[in-house]
Amino acid sequence: MSQQKEKCKRCNGKGKISCPGCNGSGEIKAYNESFGKNNIVNCSGCRGSGTTECGVCGGSGEK
Ligand SMILES: [Zn+2]
Ligand SMILES: [Zn+2]
């Protein structure tokens, strides 16, 4: 009998979750003083990918 692993509920088995820093877009607005307007820059939390490793399962998607 093999023990079945459960999907991680936090990330639904994907091992990754939407980045909370950019809400999954991978980009954040940063105000640029020298231009006086907002700049779109890659989110530092996910490095522009929009997803970040799930902290509950450590990225494995299982628990
Ligand atoms: Zn992000
Ligand atoms: Zn997870």
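Buried residues make up 16% of the 63 residues in this protein, and the model described here is a predicted one. The protein has four strands and zero helices, so that, read from the N terminus on, its elements follow the order β-β-β-β. The radius of gyration is 16 Å, well over the 11 Å that the globule rule gives for 63 residues, and the protein is therefore more spread out than a compact globule.

**Overall dimensions and contacts**
- The C-alpha trace, taken along its principal axes, spans about 65 × 15 × 15 Å.

**The nonpolar core**
- In soluble globular proteins, nonpolar side chains tend to be buried together.
- Here the largest nonpolar core has five residues, namely Cys8, Cys11, Ile17, Cys54 and Cys57.

- Strand S2, which covers residues 27-32, is hardly covered by the rest of the protein, since the count of buried residues among its six residues is zero.
- Strand S3, made of residues 37-42, runs antiparallel to S2, and six bridges join the two strands.
- Within this pairing, Lys29 stands opposite Ile40 in S3.
- S2 and S3 form a hairpin with four residues between them, and in the turn Gly36 has a positive phi of about 70°.

Technical notes:
Residues are numbered from 1 along each chain as its sequence is written. Chains are lettered from A and ligands numbered from 1 in the order in which they are written. This is a predicted model: local features need pLDDT of at least 70, side-chain atom pairs count only at pLDDT 80 or more; totals for chains, interfaces and linings use all residues. A nonpolar core is a set of buried Ala, Val, Leu, Ile, Met, Phe, Trp, Tyr and Cys residues joined through C-beta atoms within 7 Å. A residue is buried if 20 or more other C-beta atoms lie within 10 Å of its own, exposed if 12 or fewer, and partly exposed in between; C-beta atoms are placed from the backbone. Two strands pair if DSSP finds at least two bridges between them. The radius of gyration is taken over C-alpha atoms; the globule rule is 2.2 Å times the number of residues to the power 0.38.
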